[in-house]
Amino acid sequence: MASMRTMIPLQVRTHVRRMSNDIRFSRENVSFKPGQPSYTRFAMPPTRTVSSLSTHVWPPRRSSSLPGPLGYRRVARMSNCCGTGGASQDKINPSSSSDVHDSVKDYYGKQLQGSDDLKTSACTTDAMAMPRYIRQAIGEVHDEVAGRYYGCGLVVPEMLEGTSVLDLGSGAGRDCFIVSKLVGETGQVIGVDMTEEQLEVARKYIEYHREKFGFSKANVAFRQGYLEKLDEAGLEDGTFDVIISNCVINLVPDKEAVLKESYRVLRDGGELYFSDVYASEQVSDELRRDAVLWGECLSGALYWEELVSLAKKVGFSAPRLVRAAPISMKSDDLNAKLGSLRFVSATYRLVKVPESAVVASKEECATYDGSAANSPAELEFDHCISFPAEKAVAVSADVSAILHSSRFSKFMKFSARPCCKKVQESDDLNPFTLADSSPSQPGGGCCPAPADSAGASEGCPPVKRPCC
């Protein structure tokens, strides 16, 4: 009879050795037969448990979503690998930061090995229209990094060249590497995440992406830390022009602390541009204790109106809603558990507007000069307002304050005189309204300007108006 070493191919033996820190195999219980299911039993250390074993057909299927050069699915996956914080497999204490942190680190560091393991669409990005330069940057990200992506939106704002960018909850680094190409060698990107397994993947490919983008030196770095305590990660006041975050803030127990820390490390005029999951109503305490739903970015989600109040409390400008999309559930059981509760992924921008800009702001016309890299024809501001090149657009005092104090100012020309009729600002920041709107409507749910505003003087067209 052939020896065990000759029965198991070299690639699988190598993969088994890499798992040996977590799992000790009883060799006499391992066998593979071509075309037949393979059942394995493991001798486990007393501190680790396996609650379920899976069967697979030999040869194993290739999966680009797993880390490592082999990329084969594991023969067995642990579904209960809780950290030392005491979080149970099914329930967490949402009021305990350590409990939530341990549960999230376990879920994203050990239980999830790729986006295929997710149970809902909350932490995935649906196909969406995006500029070619962003698609090209995404295509240059290493497969292992891309396979560990769990975002819910597109967090790549315009005008990034030469800026300093912070990614909150950077994970394996996909968005960091995309942005690192766009900021160029004169810019800087720092990713912060609390999950060591994710950071190991990200750090492994810093040099790969430096060479891919043709930079003489790397412009991206990763630090381990908590989003509520960025000072402990060594991030100083007024350091960054832009902060991005992709479907992470919902995972943090103290959202207000994250916004306060973001405000602290931003320069005046800097912005937090982030995608996250929001609920249609307050999430019940029972659902908030569900560890899997928290890990799937649902039970920790803010009721969307809470974001508006928190932003104002911290000192940010009123949130500007950029885009929104509904989130679908993958099972009838999950829909039954959630009841009438609905979720959307939404992208907002919050700007740190200095008080001096607020005082000086007024309604006026702003004209984009068309010189921003990768955006020669138009700059998007939010789901209702965009700036076509060389066309004056009427803006409110709030928008004017943002434009004057932020990086937008370098690409704008302003007309102080009231060349246009009074601009009516949209007060509807509800992402569910936008997500439910017909995609055929221009501006993602905005209606054309009312007929009575079509004759604005001096040829200055009014801003697109939201539906009433």
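## Terms and model

Contact here means heavy atoms within 4.5 Å. The model described is a predicted one.

## A helix across a sheet

Helix α15 covers residues 397-405. This helix lies across three strands: β13, β16 and β17. Against β16, α15 runs at about 120 degrees.

Those strands form an open sheet in the order β16-β13-β17. The pairing is antiparallel. At the edges sit β16 (392-395) and β17 (412-415), each pairing on one side only. From one strand to the next, the twist averages 30 degrees.

## Inside the sheet

Strand β13 spans residues 364-368. Four bridges join β13 to β17, and the two run antiparallel. Which residue of β17 is the bridge partner of Thr367? The partner is Lys413.

## Two crossing helices

Elsewhere, a pair of helices meets. Helix α4 takes in residues 132-139, and helix α6 takes in residues 174-183. Their axes come within 9 Å and cross at roughly 125 degrees. The crossing is right-handed.

Which residues make the contact between α4 and α6? From α4 come Tyr133, Ala137 and Ile138. From α6 come Arg174, Ile178, Lys181 and Leu182. Five of the residues in this contact are nonpolar and two are charged. None is polar.

How values were computed. Residues numbered from 1 in each chain as written. Predicted model: local features only at pLDDT ≥ 70, side-chain atom pairs only at ≥ 80, totals over all residues. Heavy atoms only, no water. Axes fitted to C-alpha atoms, helices over the stretch in contact; angles between N-to-C directions. Left-handed = near helix turned anticlockwise from the far one by under 90°. Nonpolar A, V, L, I, M, F, W, Y, C, P; charged D, E, K, R; others polar. Pairing = 2+ DSSP bridges.
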